[in-house]
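Today I went through this model with a notebook open beside me. Here is what I looked up, in order.

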Amino acid sequence: MKILVAYVSMSGSTEEISELIVEGIEAAGHSAERIHIEEEGLEAKALAAYDGILIGSYTYGNGDLPYEMDDFYDDLNDVELAHTTFAVFGSCDSAYEIYGGAVDTLEKKLIDCGSVQLQSSLKVELAPMGEEMEACRQYGRQFAERLHETKTTQQK
Ligand SMILES: Cc1cc2nc3c(=O)[nH]c(=O)nc-3n(C[C@H](O)[C@H](O)[C@H](O)COP(=O)(O)O)c2cc1C
């Protein structure tokens with residue numbers, strides 16, 4: 001079972017969420033590859049090699065995707081992701097009118113690519129603190145458990 005956690009983060013909050021999600025996946029007895037898209041690069045077509053894809057992004061501008069996501073997002077137009085499952089997460093700020101718009105944009109795009117949404121998106125207000133940290137771990141754990149369940153059912 002291959003799980004990818006790929007994200008962009010300007011000031012570190014989405015990165016923190018990604019770390020907590022991976023902790024949760026590991027607590028469920030699975031592992032995940034974690035990629036910082038801007039630093040390490042990620043080709044959209046590489047997503048097809050994973051069973052579960054977790055994409056994280058903060059929101060910029062007026063509910064927009066950050067510029068570091070532009071190429072990756074455009075390349076998703078040519079990618080077919082049936083047989084994969086996904087979820088989207090991101091740090092957001094309720095001081096802005098369109099709360100976590102980038103998360104919603106990515107969610108729609110992955111659905112268009114044919115990927116199956118395993119759970120609702122996770123929007124976290126700025127940096128995760130206290131109970132929110134546990135909620136992020138739980139999000140990762142639940143994703144891994146649901147994915148495992150889906151794969152086991154398919155094999156029967
Ligand atoms: C210029 C600018 C525009 C922003 N626009 C939005 C927005 O429209 N919606 C939103 O939820 N957050 C918005 N944010 C807030 C960031 O998404 C938020 O600070 C987030 O915690 C950054 O995550 P990061 O630490 O992973 O970079 C904006 C931030 C900046 C600096």
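This is a predicted model: local features need pLDDT of at least 70, side-chain atom pairs count only at pLDDT 80 or more; totals for chains, interfaces and linings use all residues.

At roughly what angle do the axes of H1 and helix H5 cross? I found that they come within 6 Å and cross at roughly 50 degrees. Axes here are lines fitted to C-alpha atoms, for helices over the stretch in contact, with angles from 0 to 180 degrees between N-to-C directions.

Residues are numbered from 1 along each chain as its sequence is written.

Next I listed the contact (C-beta atoms, placed from the backbone, within 7 Å). Ile17, Leu20 and Ile21 are among the H1 residues that meet H5, whose partners include Met133, Tyr139 and Phe143. By class, I see 11 nonpolar, three polar and three charged residues there (Asp, Glu, Lys and Arg are charged; Ala, Val, Leu, Ile, Met, Phe, Trp, Tyr, Cys and Pro nonpolar; the others, Gly among them, polar).

Then I turned to the ligand. Of the 21 residues around it, Met10, Ser13, Thr14, Tyr58 and Tyr96 come nearest (C-beta, placed from the backbone, within 6 Å). Helix H1 (13–27) and strand E4 (85–92) each give two or more residues to this shell; both are DSSP runs, of at least four residues for helices (H or I) and at least two for strands (E), numbered from the N terminus. The shell divides into eight nonpolar, 12 polar and one charged.

Methods:
Two residues are in contact if their C-beta atoms, placed from the backbone, lie within 7 Å.
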